[in-house]
Amino acid sequence: AVESLTPSIVRASDGDLIVAIATRGDGMPSQSIAMNYVRSSDGGKTWSAPYLTSRTDKPLTGLGESLYRLPGGRLLRYSLELVWPAEPDASRPDYLSLAGGRKFDSYYSISEDNGHTFSERKLLSDPVARDDFAQGGIVELQNGDLIWSWGCWGAEPLNGFKRSTDGGLTWGPVTRAFEDPPPGFARPVAFNETGVAVCKDGTIVAIARVDGCPPDNDKRFWLI
């Protein structure tokens, strides 16, 4: 048995539940297995041993993965590699600055067989800036397009969506959804980790968090 953190669960088109489980949280580097995949064919009553694993052998690099169901029964696996400037330790006084210095490389792969195998990974993020990554889940609009919460933090934050018009096989560039700084603020508040839902009338409702909002550095949620 290994420590299991930050699970991501999806129901495949054959009815199986599949869970991706990390062995270290918050994108921390790991020299051991980074992700385990288990599945259940009886609604979660019993679970298989890990049938699929993901690793990264790159130095100072953590790995996080999550699963999404696409139209047509396909599954999308999102893989985020987080490259640290030095070995992280939450007890170090410079831990937050180390976390702020991470580089992010995002990839995706597709399964046509209910999560048993996945295609070769394709790069999703900006290969030069290496600062953008998924901020939330994938939702389907009434016209069939998929949008994926996406963005970056830092001095010039961006929080918006990637869009797919072919069922998740390819994804366009990120476009801004949240005005930042918002009205009444002189500086950006860095919206992030956005949850999205599509209402029956087609309205898209998104809720984003901020890590600190002036003047009191409050952790607030914002609605658009």
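Figure 1. On a 1 Å grid over the protein atoms alone, a cavity is a set of points where a 1.4 Å probe fits but cannot get out, and lining residues have an atom within 4 Å of a point. Grid points are joined across faces, edges and corners, and the volume is the space filled by probe spheres set on the points. By this rule, one cavity of 30 Å³ or more is counted. The lining of the largest cavity consists of Thr23, Arg24, Met28, Ser30, Ala34, Thr56, Thr61, Gly62 and Leu63. For all views, residues are numbered from 1 along each chain as its sequence is written, and side-chain values use heavy atoms, with hydrogens and water left out. The model is predicted: local features need pLDDT of at least 70 and side-chain atom pairs count only at pLDDT 80 or more, while totals for chains, interfaces and linings use all residues.

**Figure 2. The largest pocket.** A pocket is an open set of grid points with protein on both sides within 12 Å along at least five of seven lines. The largest pocket holds about 770 Å³ of space. Its lining has 28 residues, and Asp26, Gly27, Leu80, Phe133 and Glu193 are the closest to its centre. At least two lining residues come from each of strand 1, strand 5 (61-69), strand 6, strand 9 and strand 13 (192-198). Strands (E, at least two residues) and helices (H or I, at least four) are DSSP runs, numbered from the N terminus. Strand 5 gives the most to this lining, with five residues.

**Figure 3. Strand 6 between its partners.** Strand 5 and strand 6 run antiparallel and are joined by nine bridges; two strands pair if DSSP finds at least two bridges between them. Glycine 64 stands opposite leucine 80 in strand 6. On strand 7, leucine 80 has serine 106 as its bridge partner, and strand 6 pairs with strand 7 in the antiparallel sense, again over nine bridges. The hairpin of strand 5 and strand 6 has five residues between the strands, and glycine 72 takes a positive phi near 85° there. Eight of the nine residues of strand 6 are buried, where buried means under 20% relative accessible area, exposed over 50% and partly exposed in between (1.4 Å probe, protein chains only).

Figure 4. A nonpolar core is a set of buried Ala, Val, Leu, Ile, Met, Phe, Trp, Tyr and Cys residues joined through side-chain atoms within 4.5 Å. The largest has 22 residues, and those with the most contacts inside it are Leu76, Tyr78, Trp84, Leu124, Ile138, Trp148 and Trp171. Two or more residues each come from strand 6 (75-83), helix 1 (95-100), strand 7 (103-111), strand 9 (132-140) and strand 10 (146-152). Strand 6 gives the most, with four residues. Leaving aside neighbours within four places in sequence, leucine 124 is in contact with Tyr78, Ser106, Tyr107, Tyr108, Trp148, Trp150, Lys162 and Trp171; contact means heavy atoms within 4.5 Å. A second, separate core of 13 residues includes Ala34, Tyr37, Leu63 and Phe118.

Figure 5. Five bridges join strand 1 to strand 2 (residues 17-22). Isoleucine 9 stands opposite valine 19, and serine 8 has alanine 20 as its bridge partner. In the hairpin of strand 1 and strand 2, with five residues between the strands, glycine 15 takes a positive phi near 95°.

Figure 6. Aspartate 42 lies in the loop between strand 3 (35-40) and strand 4. With 30% relative accessibility, aspartate 42 counts as partly exposed.
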